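These are my notes from a first look through the structure.

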Amino acid sequence: MLSSSETAPDVSRFILNNQSPGINMSEIQNKVVIITGASSGLGEATAKRLAASGAKLMLAARREDRLKDLVGAIAKSGGTATYQVTDVADSAQVEALAKETLSTYGRIDVLINNAGLMPLSALDQVKVDEWERMIDINIKGVLYGIAAVLPIMRQQKSGHVINLSSVAGHKVFPGAAVYCATKYAVRAISEGLRLESNGEIRSTNISPGAVATELGNTITDRQDAHTTRVIFMHYFSLDTPVSFITYAL
């Protein structure tokens with residue numbers, strides 16, 4: 001699912017058929033894009049796609065070894081990318097990420113708020129530490145990203161924030177109450193930014209279903225982990241949400 005601050009073509013037929021929409025690569029060329037959660041999964045796949053389309057990337061995640069490998073692979077393929085080790089739960093680190101991007105490339109065109117965790121468990125298991133970590137990453141991380149880039153985009157009088165929500169931000173599932181709450185929040189934040197944009201800042205919310213990422217690795221409850229693995233046996237290809245992110249640009 002995709003929603004945007006601008007009127008978008010009907011994309012439902014692509015979702016239903018697990019197809020990718022048509023993409024104008026010339027609109028991506030030379031755009032400066034920050035991607036959080038870029039060390040694996042959807043973030044990594046998006047980075048490779050955008051780099052191949054000519055975007056200039058700042059990649060952010062906590063795992064420096066993976067970021068180094070990804071930047072090296074992109075450079076080897078002729079793309080432009082650098083990285084900044086960043087924990088999105090730390091507002092100072094996210095602010096430093098934006099400043100480093102501005103220093104490196106001179107502007108920030110797009111922020112892709114992709115970092116997220118999904119340690120599922122029933123509420124009566126009272127895994128408060130996991131709830132807090134999800135809130136820190138999935139909600140505060142998105143807000144910190146917006147706070148870091150919005151003043152820059154306002155000064156530029158242009159910019160685009162793409163937030164990764166989930167189908168869990170549209171429907172609540174047993175064992176996923178807190179995760180779903182964080183993804184509902186991402187949708188609300190995306191819509192709020194859209195309403196406040198004054199025509200300068202684009203806001204896009206993308207809600208993927210189950211895709212092949214490491215999200216399930218954060219589940220500590222054995223039963224929930226098993227159930228999630230069964231569900232993820234029927235996941236969509238990463239190519240589907242990556243195509244919609246690229247299409248949104």
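**Entry 1: α2 and α8**

I looked up the crossing of α2 and α8 first, and it is right-handed. A crossing is left-handed if the near helix is turned anticlockwise from the far one by less than a right angle, and right-handed if clockwise. Helices (H or I, at least four residues) and strands (E, at least two) are DSSP runs, numbered from the N terminus. I noted that this is a predicted model, where local features need pLDDT of at least 70 and side-chain atom pairs count only at pLDDT 80 or more, while totals for chains, interfaces and linings use all residues. Residues are numbered from 1 along each chain as its sequence is written, and side-chain values use heavy atoms, with hydrogens and water left out.

Two packed helices are described by the angle between their axes and the distance between the axes. Helix α2 covers residues 41–52 and helix α8 covers residues 239–248; their axes come within 9 Å and cross at roughly 50°. That angle makes α2 oblique to α8. Axes are lines fitted to C-alpha atoms, for helices over the stretch in contact, and angles run from 0 to 180 degrees between N-to-C directions. Angles under 35 degrees count as roughly parallel, over 145 as roughly antiparallel, 65 to 115 as roughly perpendicular and the rest as oblique.

I then listed the residues that make the contact (heavy atoms within 4.5 Å). From α2 they are Leu42, Ala45, Thr46, Arg49 and Leu50, and from α8 they are Asp239, Pro241, Val242, Ser243, Ile245 and Thr246. By type, the contact of α2 with α8 has six nonpolar residues, three polar and two charged. Here Ala, Val, Leu, Ile, Met, Phe, Trp, Tyr, Cys and Pro count as nonpolar, Asp, Glu, Lys and Arg as charged, and the others, Gly among them, as polar.

**Entry 2: α5 and its partners**

At what angle do α5 and α6 pack? I found about 15°, with the axes 8 Å apart; α6 is residues 177–195. α5 is therefore roughly parallel to α6. Their crossing is right-handed. The contact of α5 with α6 consists of 14 nonpolar residues, two polar and one charged. Among the residues that meet are Trp131, Met134 and Ile135 in α5, and Val178, Tyr179 and Thr182 in α6.

Next came α4 with α5, whose axes come within 8 Å and cross at roughly 35°. This crossing is right-handed. Ser91, Val94, Glu95, Ala98 and Leu102 in α4 meet Tyr144, Gly145, Ala147, Ala148, Val149 and Ile152 in α5. I counted eight nonpolar, two polar and one charged residue in the contact of α4 with α5.

**Entry 3: buried positions**

Buried means under 20% relative accessible area, exposed over 50%, and partly exposed in between (1.4 Å probe, protein chains only). Buried residues are 46% of the 249 in the protein. In α6 the buried ones include Cys180, Ala185 and Ser190. α5, β6 (159–164) and β7 (201–206) are included in what covers the buried residues of α6.

Isoleucine 34 lies in strand β2. It counts as buried because its relative accessibility is 1%. Its contacts, leaving aside neighbours within four places in sequence, include Met58, Ala98 and Val149. Isoleucine 34 and alanine 98 are 64 residues apart in sequence and 8.1 Å apart in space, C-alpha to C-alpha.

**Entry 4: single residues**

Tyrosine 105 lies in helix α4 (residues 91–105). Beyond its neighbours within four places, tyrosine 105 is in contact with residues including Val32, Lys56 and Met58.

Asparagine 30 sits in the loop between α1 (12–16) and β2 (32–36) and is partly exposed, with a relative accessible area of 44%. Phi of valine 126 is near 50°, a positive value in a residue other than glycine. Valine 126 is in the loop between β5 (110–113) and α5 (128–156) and is exposed, at 52% relative accessible area.
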